[in-house]
Amino acid sequence: MKDKAIALHDVDLSLGRGAARVHILKGISLDVDRGEAIGLVGPSGSGKSTLLMTMAGLERPDSGKVIVDGTDLSGLDEDALARFRGRRIGIVFQSFHLVPTMTALENVALPLELAGQDDAFERAEVEMRAVGLGHRLHHYPAQLSGGEQQRVAIARAVVPNPAILVADEPTGNLDESTGQSIVDLLFALKRDRGATLVLVTHDLNLARLCDRTVRLRSGQVDGDGEGDGRADASSAVA
Amino acid sequence: MHGTPSAPQRRKAHPASGLPLLLRLALRELRGGLKGFGIFLACIALGVAAIASVSSLSRSLTEGISREGRRILGGDMAFSLIQREASGPERAFLDSRGQVSVVASLRAMAVAGEKGSGLVEMKAVDDGYPTVGALETDPQLPPGDLFAERNGAFGAAVDPALLARLDLKVGDRVTVGGANVELRARLVTEPDQIADGIGFGPRLMISQDALKATGLVQPGSLVRWTYRLILPPALSNEEGLTRIEAEANSALPEAGWRIRTRLNADPRFAKNIERFTQFLTLVGLTALLVGGVGVANAVRGFVDRKRASIATLKSLGAPGGQVVMLYLTQVMLIAALAIAIGLAVGAALPFVVTGLFGHLLPIPIQPVIALPELGIAFLYGGLTALVFAIAPLGRAHDIPVSGLFRDQIDPERRWPRRRYLVALGLSVAALVALAVVAAYDRRIALMFVAAAAGSFLLLRLVALGIMGLARRLPRPRRTAPRLALANIHRPGALTPSLVLSLGLGITLLVTLSLIDSNLTRQLTQSLPERAPSFFFLDIPNQQADAFEAFLKGQAGDARIERVPMMRGRLVTLGGRPVSEVKAPEDIAWVLEGDRGITYARAAPEGSTIVQGSWWPEDYRGKPLVSFESKIAEGLGLKLGDEITVNVLGRNITATIANLREVEWRSLGINFVMVFSPNTFAGAPHTHLATVTFPNGSDAATDARILRSSAQAFPMVTSVRVKDALEAVNDVVSQLVMAIRGASSIALIASLLVLAGALAAGHRARLYDAVVLKTLGATRARLLSAYALEYGLLGLASALFGLLAGGIASYFIITRLMNLSFSLVLSGALLVSSLAVLVTVGLGLVGTWRILSQKPAQYLRNL
């Protein structure tokens, strides 16, 4: 299991209390290889995002085991989990979630600053240029387009050199052409750095770009097959 | 992952990179502006400004008194004697130490013929007056012209109030005792005025020669002789002053004089300032605590608005504790701004007051930047912000990152983690400790703390009770009451913050209203039925019988009481020097300065022996004394203890034979100490008499008695009780005005909090209003539901405020002020009704704005 980027074994998770409690993940077991790109697909309510959060250590399963980059997450308390995430996992959200009071550069530097890195701004600037936003360093999120905001969010996710990148509907709030450029960027960065990518999406075309597609239905794995892996064929960083 | 991007393009150091991470991030967050922190800023700034203003002003006053000590005292040192002039050896001692000037002060009657007579505070000065400072009169005359005897009359400077009262003008003459006095100038500035304390009549300043001519200085008459000493420069330092005081006490132990130095010119005044400062500081602290509710509401709203940023930070690797510290840093930076505003206002106030009114103030004020006092105000502001911010900020620790992935429909409200509760407990303890340690009277501070804590707890319980009740009540069939009830108990309801802010505000209003009405009643309306109409002082011993007969002729059926009276200073209690006795705050006055004492064959009326027994009428043994029981208890005295008093320069020791309870409020004649008659056999003294009419007296009778007494017995000073009470009432009114001023800050804070709570509620109910309007609800229907909700909450808070304010004012009136309490509800009911109306009005004004919005634009974002 140690050589797997992510290993889930018989994971069960319910959310809510009393009558409102819902059993979301039902005995999920799943391995993700290092450097692999997997797409999580399935209808709304099937448990895709919850499974992603469980992989990122944002939800604790009621039972089962979650091992990420060789670390058993059940052995970490909240603070250790946060630090682990900061070092080893990069997250890209559908709604970008940039901190509105910080410039693009500061947003990208933030995870490095939180990790106590002295060269946070230098590295952040390099990442900003890598995502094609060297000219927007000191702009605030509100001064950027949706596509630019998502590029900043991706730069922020990759700046600590995480082993695993998780992305929740990264193109969900973008138009088609902008979404395509973001996808290209995400896969290019993943490929250049050898990171593992877990992608939640409703878009089957996007899922097909991954090495593997995992289909969820009612909290269970309903299908696990190879994708086209076409993303590795396309290369350009936008 | 590998492949760190190569060749980093280094830019210059980030502007804030030298700062610690938390401060750096907090400053970045502050770029978003202070939106949502308006009430927070105003509440903390107001409270800190109130506390800083009161303490800065107080410090400037005490500093002024301290720096102007020489002027106030009229010299480097002052030695006061009552009823007698300095003896030869005493005068020789003073003359050997420096330049001596003498001032005599006493109460007397100024008679203006047919225009009537008036009580005056007379001050007889010598040729050198004033040795320090300047006497200002209108017209300004040299002392020789002002006071000299001319055409059979001595000159005088007079307080314009006497001219107005007796319809006199400069140049007119009055008679004082046996002397004619010509009023040659109005008194404008008297440099040593405050050292004489609050007077019951206007000042009349004459020369020593004029005083002798009045004939008022008789053995035992109540004249205070003050010898002011100007020391050579070599001796006028602190060491020299202390040494001369010690020499005076050791060389002349029986002098019984009160010695003051310029370093401590008016200790009683300074102590009163300190006491009043504490009271006003507590009122300021009330403003801060009320404002604290606004702080908590603002921080709660802030955390709600920042949920996404908090979750983002956590997703990027910030532990919960670090996130809380980041936002705590931000909140405390905002608090620091508010505190700085408050401190700036407080620090500037003494300078503004001096600049605008300095020349009008009777007391010296030396505006200073009072750093220790400002430091305390800073701590009060900081700790209050911390106390009220910790709990809502602590909840940020557990805001889940999962909220970034899916909507949180009903975020759970849980207690913050233990570490934040411990931090909260420590900050509350620090705030309480500060309030108690910085207090002049710790008992009052502790009572305040208990009352504040009790109010917060009770109001929280009231809010929970209202919500519980609303939840359990059957659902009304009509929409408006159903909506109102639902709004009262639903999650995120306004009920807790509205009940807290409104409840505290109404409690404060009711408390002040009841204290105000009780004080007014005590001072103006409710003189005891058997209270005397007149006090007559300085009745010469040899004229006492004749004066009593005269009074009987004048006052007809009135009851006349007469007792011998002299003044004495307590020297030892139970063998211990008075200076070593630690007296409780409320009875320390007995040991300060001289007290009226008397002797009697039988127990005085209005007093009850509670321990021991009265001496036989013909008692001739060792001197005995009867002591007031509560004061004796406070001083640790018991039956059989010996006390020593200095009377007319002689130390007299007497044994406590009994303890008495005294009904002081009857305003009859009574004394803390009544001695056996043989104690003062042969000592010169005067008499004190009262006249009590069975059904009170009218103004015409009072005027007639005043006039005829002044004419027939010019040596006797008449004090009309109503006039004296009016003088006291004037002082109390000024104090009440100051209290009202400080309290208005607390009320403004309360209103701000209320407005803030309502505004926060408005944001939440925009959703309801838009949805309900979409479903067909009219504005009138929604408005009536909201009016009902605000009205019900206002009514519940008003009922609590009436009850809590009633209890608080009862304790303040009966326990702290030692007065009787009367529940005068009219004012309290009026203020609470107004408060409810204001609440409903404020609520509806904001709601109307919401109801007028078109739903479409909001539906897109809901």
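**Chat over the model**

Mentor: Let me start with a sheet detail: strand 6 of chain B and strand 8 (residues 179-189) of chain B run parallel and are joined by five bridges. Keep in mind as we go that this is a predicted model.

Trainee: Which residue is the bridge partner of B:F154 in strand 8 of chain B?

Mentor: That is B:V181.

Trainee: And how does strand 6 of chain B run relative to strand 9 (residues 203-207) of chain B?

Mentor: Those two run antiparallel, with two bridges joining them. One pair to look for is B:V158 with its bridge partner B:L204 in strand 9 of chain B.

Trainee: What about strand 5 (residues 149-150) of chain B, how does that pair with strand 6 of chain B?

Mentor: Antiparallel again, over two bridges. B:R150 has B:A153 in strand 6 of chain B as its bridge partner. Strands 5 and 6 of chain B make a hairpin with two residues between them. In that turn, B:N151 has a positive phi of about 50°.

Trainee: Why is strand 6 of chain B largely enclosed by the rest of the structure?

Mentor: Strand 6 spans residues 153-158 of chain B, and five of its six residues are buried, so the rest of the structure largely encloses it.

Trainee: Let's zoom out. How many helices and strands does chain B have?

Mentor: There are 23 helices and 22 strands in chain B. Its C-alpha atoms fill a box of roughly 105 × 70 × 60 Å along the principal axes. Of the 862 residues in chain B, 45% are buried. Also, if you take contacts in chain B between residues at least 6 apart in sequence, 86% join residues at least 24 apart.

Trainee: Which domains is chain B divided into?

Mentor: Domain 1 covers 24-68 + 265-440, domain 2 covers 72-262 and domain 3 covers 534-728. The centres of domain 1 and domain 3 of chain B, taken over C-alpha atoms, are 51 Å apart.

Trainee: Which residues have the most contacts inside the largest nonpolar core?

Mentor: B:I44, B:V48 and B:I206, in a core of 320 residues. The element that gives the most to this core is helix 2 (residues 38-67) of chain B, with 17 residues.

Trainee: What does B:V48 touch?

Mentor: Leaving out residues up to four places away in sequence, B:V48 touches B:A338, B:I339, B:G342, B:L343, B:G346, B:A377, B:Y380 and B:G381.

Trainee: On to the interface. How many residues of chain A are in contact with chain B?

Mentor: 40 residues of chain A, and they meet 32 residues of chain B. On the side of chain A that touches chain B, helix 1 (48-55), helix 2, helix 3, helix 4 and helix 6 of chain A each give two or more residues. Helix 4 of chain A has the largest share, eight residues. By class, that side of chain A has 18 nonpolar, six polar and 16 charged residues.

Trainee: Is helix 3 (residues 104-114) of chain A mostly covered or exposed?

Mentor: Mostly covered, with 11 of its 11 residues buried. They pack against helix 2 (78-88), helix 4 (120-130) and helix 5 (146-158) of chain A, together with helix 1 (21-29) of chain B. After helix 3 of chain A comes A:G116, which has a positive phi near 80°.

Trainee: I also clicked on A:D184. Where does that lie?

Mentor: In helix 6 (residues 176-193) of chain A. A:D184 counts as partly exposed because there are 17 C-beta neighbours inside 10 Å, and being buried would take 20 or more. The C-alpha atoms of A:D184 and A:L209 are 9.9 Å apart, while the two residues are 25 apart along the chain.

Trainee: Last topic, confidence. What ipTM and pTM does the model score?

Mentor: ipTM is 0.84 and pTM is 0.74. Chain A averages a pLDDT of 87, and 94% of the residues score at least 70. For chain B the mean pLDDT is 84, with 93% of its residues at 70 or more.

Trainee: Where does pLDDT stay under 50?

Mentor: Over residues 1-13 of chain B, where the model has 24 contacts beyond four places in sequence. It also stays under 50 over residues 232-238 of chain A, where the model has 12 such contacts.

Methods: Residues are numbered from 1 along each chain as its sequence is written. Chains are lettered from A and ligands numbered from 1 in the order in which they are written. This is a predicted model: local features need pLDDT of at least 70, side-chain atom pairs count only at pLDDT 80 or more; totals for chains, interfaces and linings use all residues. pLDDT is the predictor's confidence in each residue, from 0 to 100. Two residues are in contact if their C-beta atoms, placed from the backbone, lie within 7 Å. A nonpolar core is a set of buried Ala, Val, Leu, Ile, Met, Phe, Trp, Tyr and Cys residues joined through C-beta atoms within 7 Å. A residue is buried if 20 or more other C-beta atoms lie within 10 Å of its own, exposed if 12 or fewer, and partly exposed in between; C-beta atoms are placed from the backbone. Helices (H or I, at least four residues) and strands (E, at least two) are DSSP runs, numbered from the N terminus. Domain bounds come from an automatic or database domain assignment. Ala, Val, Leu, Ile, Met, Phe, Trp, Tyr, Cys and Pro count as nonpolar, Asp, Glu, Lys and Arg as charged, and the others, Gly among them, as polar. Two strands pair if DSSP finds at least two bridges between them.
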